[in-house]
Amino acid sequence: MNNPFLKAVPLLEKIESSGFEAYFVGGSVRDTLLGREITDVDIATSAHPYELKAIFPKTADIGIEHGTIMVFFEGEPYEITTFRSETGYSDHRRPDKVNFIRSLREDLKRRDFTMNAMAMDRAGTIIDPFNGQQALSQKLIVTVGNPKERFGEDALRMLRGIRFVGQLGFTLEAGTLASLAELGPLLGKIATERKTAEFEKILKGPFRSEALTLLAKTGISRYLPGLAGYENSLLKLSRHTKASLSMEEIWVLLLRIIGKRDKDAEAFLREWKLPSRTIKTLLKVLRWLEFRLEHKWDQASIYQAGKEYALAAENVYESLTENNGEQGSIADIFEKLPIHNLTELAVSGGDLLAWSGKGPGPWVKDVLEKAEMQVIDGKLDNEKGKIREWLEHCNLI
Ligand code: ATP
Ligand code: MG
């Protein structure tokens, strides 16, 4: 067992010594069996939340109605969930009722895929009633029980299935795949934020091409924000396999491929409910990508874009055109610029007011920008005296 587990073993012991069962469950068990690194562990227990609170002095209610509380143990927070079964699902997204139960097997049964329905005890023994290990060795994503029923209960599971394709490079088992293609419309019931979280995991995944292809071919993408009718665009995106694209760069690539710009691009990103700051960044990279598709970089454009934005736009450009880009020279040119932003200009707005004797107004910004561009183009040294001379010579002050 590796570190995060070892650290939590005394926590399981403590729960057990109080007369309850406790296990590691979910993604951390799956990822460990796959030899993937894990950062945190999920714990499931037969103890009810109030029983856990009696065992541990420091806890926080983070989802107590679903049986999850946060326990602070030896300085670390742990999410611990009471074994539960779920019933109802009349809205196709969450159970009408959660029942706390004492059986591990029943708890594992409510989980989505067999690879996610395993537990590990504190000695490292795997409890695997639904053959999750077999699925792992076959690289198959299989629902626990009937896929139609399981996707019908919670439609997000379909998107989670495709997300695991993107992360792990596994294949959806035939029955699971068939149900997914059939029940796609139920995704309409799922909150945008949950879809966005899964979609971003797809974009980040090393097997994003496979996952994007599946999204398009199963028709699932029709039920994602703004993507109805863009199946071919997603297939096109899937062919851009450049590994070094960041998630933001892939969003920009997607915008370019679906042909959205400016206001349309903004409306599309808002449909995904991305944070305003992210939207601003993406639109800026997109604008510089559009620039790059028409022009080569020069000092002025690299200065105006800023190094980070220019590099991001260039990376997307490289992926789009399969060109060997100019990332190296962008960084080089930026480093050698006489100034990197307006605050480095040797002259300020205050200087202009003092020299001209004129009152403040929009002219100050205009004149500063003129001087700024002269300096960037190498036509004027960034020295106060020289800049003043030039401004006077041009009758700008
Ligand atoms: P990740 O590595 O992204 O955290 P994960 O499998 O741990 O993947 P979580 O969302 O952290 O995913 O969920 C933890 C566990 O809870 C899953 O492994 C699975 O057993 C169960 N689970 C999560 N979401 C669902 C769902 N929608 N339906 C059924 N079981 C679920
Ligand atoms: Mg997890």
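The questions below concern a predicted model, and each answer sets a value against its cut-off.

Q: How is the chain divided into domains?
A: The division gives domain 1 (1-133), domain 2 (139-224), domain 3 (240-337) and domain 4 (343-393). These bounds come from an automatic or database domain assignment.

Q: What makes the pair D112 and R160 a salt bridge?
A: The closest N and O atoms of D112 and R160 are 2.6 Å apart. A salt bridge requires a side-chain nitrogen of Lys or Arg within 4 Å of a carboxyl oxygen of Asp or Glu, so the pair D112 and R160 qualifies. Between domain 1 and domain 2 the count is one salt bridge.

Q: What else describes the meeting of domain 1 and domain 2?
A: In contact across this boundary are 20 residues of domain 1 and 23 residues of domain 2. The two domains bury about 1700 Å² between them, with 60% of that area on carbon and sulfur atoms. On the side of domain 1, H92, R93 and F113 supply 39% of the area buried against domain 2, more than any other three residues. There are also 10 residue pairs in polar contact between domain 1 and domain 2, both residues being at pLDDT 80 or more. The centres of the two domains, taken over C-alpha atoms, are separated by 24 Å.

Q: Which residues have the most contacts inside the largest nonpolar core?
A: They are F199, L215 and W251, in a core of 109 residues. Helix 14 (residues 276-294) gives the largest share of this core, eight residues. A second, separate core has 11 residues, among them L104, L108, A117 and V144.

Q: What does L215 touch, leaving aside its neighbours within four places in sequence?
A: L215 is in contact with L159, I162, F199, I202, I220, S221, L224 and L234.

Q: Why is S301 called buried?
A: Its relative accessible area is 3%. S301 is part of helix 15 (residues 299-305). Apart from residues up to four places away in sequence, S301 touches W288, F291 and K296. The side chain of S301 also makes a polar contact with the side chain of D298, at 2.7 Å.

Q: Is Q374 to be called buried or exposed?
A: Q374 has a relative accessible area of 18%. The limit for buried is under 20%, so Q374 is buried. Q374 belongs to helix 19 (residues 362-376), and its contacts, not counting residues up to four places away in sequence, are K379, L380 and W390.

Q: What makes the phi of E74 worth a remark?
A: Most residues other than glycine have a negative phi. The phi of E74 is near 50°, a positive value in a residue other than glycine. E74 lies in the loop between strand 4 (68-73) and strand 5 (76-82). At 63% relative accessibility, E74 is exposed, because exposed means over 50%.

Q: Where is N395, and what is its phi?
A: N395 is in the segment after helix 20 (384-393), and its phi is near 55°, a positive value in a residue other than glycine. N395 is exposed, since its relative accessible area is 68%.

Q: How do the side chains of E51 and R102 meet?
A: They form a salt bridge, with a distance of 3.0 Å from N to O. E51 is in helix 3 (residues 49-55) and R102 in the loop between strand 7 (97-100) and helix 4 (104-109), so the pair ties together parts that are 51 residues apart in sequence. E51 is buried at 14% relative accessible area, whereas R102 is partly exposed at 41%.

Note on methods: Residues are numbered from 1 along each chain as its sequence is written. Chains are lettered from A and ligands numbered from 1 in the order in which they are written. This is a predicted model: local features need pLDDT of at least 70, side-chain atom pairs count only at pLDDT 80 or more; totals for chains, interfaces and linings use all residues. Side-chain values use heavy atoms; hydrogens and water are left out. A nonpolar core is a set of buried Ala, Val, Leu, Ile, Met, Phe, Trp, Tyr and Cys residues joined through side-chain atoms within 4.5 Å. Buried means under 20% relative accessible area, exposed over 50%, partly exposed in between (1.4 Å probe, protein chains only). Helices (H or I, at least four residues) and strands (E, at least two) are DSSP runs, numbered from the N terminus. Contact means heavy atoms within 4.5 Å. Buried area is the accessible area (1.4 Å probe) that two parts lose on being put together, summed over both. A polar contact is a pair of N or O atoms within 3.5 Å; within protein, one must be able to donate a hydrogen and the other to accept it, and residues adjacent in sequence count only if both atoms are side-chain atoms.
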